[in-house]
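Here is a briefing on one protein chain.

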Amino acid sequence: MEQLTPLADLLPLDLLSFVLERDTSKLVPGVHMKQAGGVRGVHFSSPHTVLSFPSSQLLVNCDLFPKEFSIVVTLKVTHAASTRNEYIFSLMEPKTEHGRIILGLRFSRKYLHFLFKGHGGVVEHWVFRGTQLADNQWHTLVLTIGSRVRLTVDCNSPVEIVPSTPFPSDLNIQGSRFHIGSRGRWKGLFSGLLRQLVLVPGSDATRQICPSSDPQLAALSVPPLLLDLPVMGRDGESHETEEPVSVGLERSCSELQQGQLWFNPLRKGLYLCDGTAWITVLEDHKRLDYVSEHQVLTTSSETHDVEVFQVPGMGLMAAMAHRSKASGSAVYLWTHSGFKLYQNITTHEALVWRHFNMGKKTYLVVSNSGGGPHNRFNKESEMDFSVIYKWSKKRKKFVRFQSLQTYCARDWEAFNINRQTYLAVANHRQGNNNHTIDSVIYRWNRLTKSFEVHQMLPTSGAYDWEFFTVGPYHFLVVANAFDGVTTSVDSVIYVWINGSFQVFQTIKTFCATDWEMFQIGGRVFLVVANGHRLHGNGPSRYAINSTIYELDMNGQLFVRFQDIVTYSAVDWEFFSLGEEHFLVVANSFNGESYSLNSILYRWQGYEGFVPVHWLPTIGCSDWEFFSFKGESYLIYSSAKAPLSKVFKLKTY
């Protein structure tokens, strides 16, 4: 018997935006925008096919509907609708446009009905009485299905029912289709205005939107086309109007066009006429067109890491962590033609560079893994020394400032908390076999003018630190790669409490080599680069998932958002161009070759990140994004060839 896949906890799924935003240049057929009380909603004039879509497009790789979920609806229903059966949405069986319903939400007289296919194929009805929704006013409803069945209207006390039949845990949705505003036919077409329709799997959405300063319009996810920009009449009152969207390169805006929407395909912008001028509703300033090779930088050695930074009075610079002891590492200066060698610094099998500022002073810290003169006569100590360099304005170069004992340090992270500067080092291993060692947090001592040990944190083959702040909270996450036996180890997120870091959450990772934190809107994400799976003497698996996690503000923990197949990934880099957001991964090895594509992904909202560009790399070890004079670039370093490449990002 085929094993069906249940729907795991996901982010809110905006069903209304999913159909409205397929083409932002115009409203989809069968839909008109109307405005009531200064608030926009959509009116359905026909059950058009574009208002229907396969459930698999939104609920990817899911065969069963979740056992627990919420439905959030903002609507306005007229008195006339109280005598009809009208569907807000439905989920229908495959190839049965006029047939059986799997799940749906509808009005009937003064009642709200939730319908679903129960055991034996019998359609069950849960009825919420006395809702009084058909009063020509806006209302926000949250229907929560779980251990309790509750309907919350306008953030008031919920109406709770005790059904005789529980919601099934094996509701098969294979091949089904969503229908928005109907059940796929004229009979049952929703006659009111719909502003918000969101499915929230595995969660009670009431906590996310209530309490609200405007409970009748409490918002979880409202389509951008329905932003509140009221049309005012001569009497100063807002009026209910239909608002067509005109398309073209030029449009006049006068009192006659007041309230009209205009889409400019050249600017990729949506505008609203206020009676005298066009007000921007949505505008895409920059979009990534293509990626072109800008510079091939021949280096003196293979490079483990590249760090791009600004030096006041000098401009853009890049520090390369070269593998070779003989050639040392190089600092490059950006010119009109690309990076040019500026300064060579003696290093010993350098692994990483990091820059940081204290006041107006610029510093670089490098991790040496090859010993160097400090332990030339004491090789059994297996000590490595990392070195901090300070930029000298007078000499216009970096000069040695302080040395710190480290152990094959794979990363440095600089950050500030309460006006104090800290450095975190990721000690990877001591000797050849001891990976379970302490990594160290250093704090700047203003009196001694040096960094001193502040806190020791146990790590397992630590590869990377990532510091970030969310509201008043400071976090530090470590990528643990290996404990001496397996790469399946916990990476740890720490939170700053009372002057030190304490464990906030652990996440199972597989040779984690990098964490990258980024934000899109008000959402906070962490993506991990998983290198490979290894246990004992067994074979390694290099093609594995790297994972994006999102911070659940209510649950106060990071939850899985998206898995992306990577090939011995060693770095993620996030960047934005205009309103678009991107991630690029450093794929370094697939088990057979170091020559393979690193991939650039673009944020697609519902779909998460999708691949858009494939960039040929050789043993890619790091990606860095930077901008200069309005142009945007990516640079990658190679740990297997003496070269780095700069790519120019062309936008339109």
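Asn136 counts as partly exposed, because its relative accessibility is 34%. The residue lies in the loop between β9 (123–128) and β10 (138–145). The model is a predicted one.

**Other backbone exceptions**

- Gln556 also has a positive phi, of about 55 degrees, although it is not a glycine.
- The loop between β38 (543–552) and β39 (557–567) holds Gln556.
- Is Gln556 buried or exposed? Gln556 counts as exposed, because its relative accessibility is 59% and the cut-off for exposed is over 50%.
- For Asn136, the 34% value falls in between the limits for buried, under 20%, and exposed, over 50%.
- A cis peptide bond runs from Cys210 to Pro211, with omega near 0 degrees.
- Pro211 is placed in the loop between α3 (206–209) and β15 (245–247).

**Strand β14 and its partners**

- Strand β14 covers residues 193–201. Nine of its nine residues are buried, so the strand is largely enclosed by the rest of the structure.
- Strand β1 (residues 13–14) runs antiparallel to β14 and is joined to it by two bridges.
- Leu13 has Leu199 of β14 as its bridge partner.
- Strand β5 (residues 69–76) is also antiparallel to β14, with eight bridges between them.
- Ser70 has Val200 of β14 as its bridge partner.
- In a regular strand, side chains alternate between the two faces of the sheet.

**The four-stranded open sheet**

- Which strands form the open sheet, and in what order? Four strands take part, ordered β32-β33-β34-β35, and their pairing is antiparallel.
- At the edges are β32 (462–470) and β35 (500–510), each of which pairs on one side only.
- From one strand to the next, the twist averages 20 degrees.
- Within this sheet, β33 (residues 473–480) and β34 (residues 488–497) run antiparallel and are joined by four bridges.
- Leu476 has Tyr494 as its bridge partner in β34.

**Aromatic pairs**

- How many aromatic pairs does the structure hold? The count is 54.
- A pair of aromatic rings is described by the distance of the centres and the angle of the planes.
- Trp353 and Tyr389 form a tilted pair, because their planes stand at 50 degrees; their ring centres are 5.9 Å apart.
- Trp353 counts as buried, because its relative accessibility is 0%.
- Tyr389 counts as buried too, because its value is 6%.
- Phe575 and Phe582 make a stacked pair, 5.2 Å from centre to centre and with 15 degrees between the planes.
- Both Phe575 and Phe582 are buried.
- Ring pairs also connect Phe65, Phe69, Phe114, Phe116, Trp126 and Phe167 into a cluster.

**Charges over rings**

- Where does the charged end of Arg129 sit? It is over the ring of Tyr111, 5.0 Å from the ring centre.
- Arg533 places its charged end over the ring of Phe510, 3.8 Å from the ring centre.
- Phe510 falls within the range of edge strand β35 (500–510).

**The protein overall**

- The protein contains three helices and 46 strands.
- Of its 652 residues, 55% count as buried.
- Among contacts with a separation of 6 or more, 51% are between residues 24 or more positions apart.
- The accessible surface comes to about 28,900 Å². Carbon and sulfur atoms account for 49% of this surface.

How values were computed:
Residues are numbered from 1 along each chain as its sequence is written. This is a predicted model: local features need pLDDT of at least 70, side-chain atom pairs count only at pLDDT 80 or more; totals for chains, interfaces and linings use all residues. Side-chain values use heavy atoms; hydrogens and water are left out. Two strands pair if DSSP finds at least two bridges between them. Axes are lines fitted to C-alpha atoms, for helices over the stretch in contact, and angles run from 0 to 180 degrees between N-to-C directions. Rings of Phe, Tyr and Trp (its six-membered ring) pair if their centres lie within 6.5 Å; planes under 30 degrees apart count as stacked, over 60 as edge-to-face and the rest as tilted. Buried means under 20% relative accessible area, exposed over 50%, partly exposed in between (1.4 Å probe, protein chains only). A charge sits over a ring if NZ of Lys or CZ of Arg is within 6 Å of the ring centre and within 35 degrees of the ring normal. Contact means heavy atoms within 4.5 Å. Accessible areas come from the Shrake-Rupley method with a 1.4 Å probe; for residues, only the protein chains shown count as cover.
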